[in-house]
Amino acid sequence: MRAFLLAVLLALTPVTASAVQPDEVLKDPALEGRAREISKDLRCLVCQNQSIDDSNAPLARDLRVLVRERLTAGDSNQQVLSFVTDRYGDYVLLRPPFKATTLFLWIGPFVILAIGGVVTAVYLRGRKGAAADGPMTAGGDTAPLTEDERRRLDALLRKDKA
């Protein structure tokens, strides 16, 4: 029973991957904690959807070392973030600030979703109208049934009812 509970506990415990190498870790636990906190907020510019703390890319390692060097030099967390964003821009932040230059990052997904909804609605409305109007001619216009087609259709409909 204990083994089962231990297995469940381990399965529910989140596992975080860390690419920080032993030679990068600072001896001061407080500074290392600050470095990890900052690293989790910085995007790996190679991997793009990983923090530099989780990435094995050489550029991510360089940024982790840079963060630790700045902290060792006495910079505050905000000074380190400012130093990095001055060189790489707001894109290096996993949570960029809401301002004019990052506006598209914040509202872009909603705009794209809205455009997709409008295009889908127009497409479906066009298909619905085309189906209700009857058969189409080569030019896209609907053509009325000829007298012969109408008689054949009536005969088919009567046959289905019988």
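Q: What does the protein chain average in pLDDT, and how many of the residues score at least 70?
A: The protein chain averages a pLDDT of 81, and 77% of the residues score at least 70. pLDDT is the predictor's confidence in each residue, on a scale from 0 to 100. This is a predicted model, where local features need pLDDT of at least 70, side-chain atom pairs count only at pLDDT 80 or more, and totals for chains, interfaces and linings use all residues. Residues are numbered from 1 along each chain as its sequence is written, and side-chain values use heavy atoms, with hydrogens and water left out.

Q: Where is confidence lowest and where is it highest in the protein chain?
A: Lowest in helix 1 (residues 2–12), with a mean of 54, and highest in helix 4 (residues 77–88), at 93. Over residues 12–17 the pLDDT is below 50, and beyond near neighbours in sequence this stretch has two contacts in the model. A contact here means heavy atoms within 4.5 Å.

Q: OK, what about the fold: how many helices and strands?
A: Six helices and zero strands. From the N terminus on, the elements run α-α-α-α-α-α. Helices (H or I, at least four residues) and strands (E, at least two) are DSSP runs, numbered from the N terminus.

Q: What share of the contacts is between residues 24 or more positions apart?
A: Such residues account for 49% of the contacts in the protein chain with a separation of 6 or more.

Q: And how many of the 162 residues are buried?
A: Buried residues make up 22% of the 162. Buried means under 20% relative accessible area, exposed means over 50%, and partly exposed is in between (1.4 Å probe, protein chains only).

Q: Switching to charges: how many salt bridges does the structure hold?
A: Eight. A salt bridge is a side-chain nitrogen of Lys or Arg within 4 Å of a carboxyl oxygen of Asp or Glu.

Q: Which residue does E32 meet in a salt bridge?
A: R68, with 2.7 Å from N to O. That pair links distant parts of the chain, since E32 is in helix 2 (residues 29–39) and R68 is in helix 3 (residues 58–72), 36 residues apart.

Q: Is E32 buried or exposed, and what about R68, buried or exposed?
A: E32 is buried, because its relative accessible area is 8%. R68 is buried as well, with 3%.

Q: What does D53 form a salt bridge with?
A: With R36, and the closest N and O atoms are 3.7 Å apart. D53 sits in the loop between helix 2 and helix 3 while R36 is in helix 2, 17 residues apart, so this pair links distant parts of the chain. D53 is buried, at 2% relative accessible area, whereas R36 counts as partly exposed at 25%.

Q: Which residues are linked in a network of salt bridges?
A: E32, R36, D53 and R68.

Q: What is V25 in contact with, leaving aside its neighbours within four places in sequence?
A: V20, E32, R36 and R68. V25 itself lies in the loop between helix 1 and helix 2. The C-alpha atoms of V25 and R36 are separated by 9.5 Å, with the two residues 11 apart along the chain. V25 counts as partly exposed because its relative accessibility is 37%.

Q: Where do the side chains of D75 meet another in a salt bridge?
A: At R70, 2.7 Å from N to O. D75 is buried, with a relative accessible area of 12%, and R70 is partly exposed at 26%.

Q: New topic. How many aromatic pairs does the structure hold?
A: One. The rings of F98 and W106 have their centres 6.1 Å apart and their planes at 65°, so the pair is edge-to-face. Rings of Phe, Tyr and Trp (its six-membered ring) pair if their centres lie within 6.5 Å; planes under 30 degrees apart count as stacked, over 60 as edge-to-face and the rest as tilted.

Q: Why does F98 count as exposed?
A: Because its relative accessibility is 57%. W106 counts as partly exposed, at 37%.

Q: Which residues make the nonpolar surface patch?
A: F98, L103, L105, W106, I107, F110, V111, I115 and V119 make a patch of about 880 Å². Patches are made of residues with over 30% relative accessible area and no salt bridge, with like charges joined within 9 Å and nonpolar side chains (Val, Leu, Ile, Met, Phe, Trp, Tyr) within 5 Å. L103 lies in helix 5 (residues 103–133).

Definitions and conventions: Accessible areas come from the Shrake-Rupley method with a 1.4 Å probe; for residues, only the protein chains shown count as cover.
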